[in-house]
Amino acid sequence: GYTVSIPLFEGNWTPDSFYDRIKYNSNGGMHSLCLLDIKVKEADYDSLVSFGKVVYLPPRFMTVNKAIKQMLLIENSRQEGLLTTDTLAVGVARLGQKSQKIV
């Protein structure tokens, strides 16, 4: 099925367009490859305004658990029956690295 990207939610910004693709894949009997968001070299705009120079925030990497929580949050608001806490999923992090993890 289609590959989707799951963005990190920020405050009230909780985009859910990836849910529709996952649902489409599921309805067609296909799996979904979900790419999890990363934030690297993200400017700290508060520092820019306060000090007039660009300071970068530390990198952030979405965890599989965070992605699951966000997906269940969307399911809770949509109530379309696509996902439950019993839905089978496989999470892979840092594949090919010494620190790889498959959960």
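**The pocket and its lining**

The lining of the largest pocket is made up of 23 nonpolar, nine polar and three charged residues. Here Ala, Val, Leu, Ile, Met, Phe, Trp, Tyr, Cys and Pro count as nonpolar, Asp, Glu, Lys and Arg as charged, and the others, Gly among them, as polar. This is a predicted model, in which local features need pLDDT of at least 70 and side-chain atom pairs pLDDT 80 or more, while totals for chains, interfaces and linings use all residues. Residues are numbered from 1 along each chain as its sequence is written, and side-chain values use heavy atoms, without hydrogens and water.

- α3 (64-78) is among the elements that supply at least two lining residues each, and α3 gives the most, with six.

**Salt bridges**

- The structure holds seven salt bridges, each a side-chain nitrogen of Lys or Arg within 4 Å of a carboxyl oxygen of Asp or Glu.
- Glu 80 pairs with Lys 23 in a salt bridge, with the closest N and O atoms 2.6 Å apart.
- This pair links distant parts of the chain, 57 residues apart: Glu 80 lies in the loop between α3 and β5, and Lys 23 in helix α1.
- Arg 78 also forms a salt bridge with Glu 80, at 3.5 Å from N to O.
- Through shared partners, salt bridges join Asp 16, Asp 20, Lys 23, Arg 78 and Glu 80 into one network.

**Exposure of the partners**

- Glu 80 is partly exposed at 34% relative accessible area, a class between buried (under 20%) and exposed (over 50%), with a 1.4 Å probe and protein chains only.
- Lys 23, at 26%, is also partly exposed.

Technical notes:
Helices (H or I, at least four residues) and strands (E, at least two) are DSSP runs, numbered from the N terminus.
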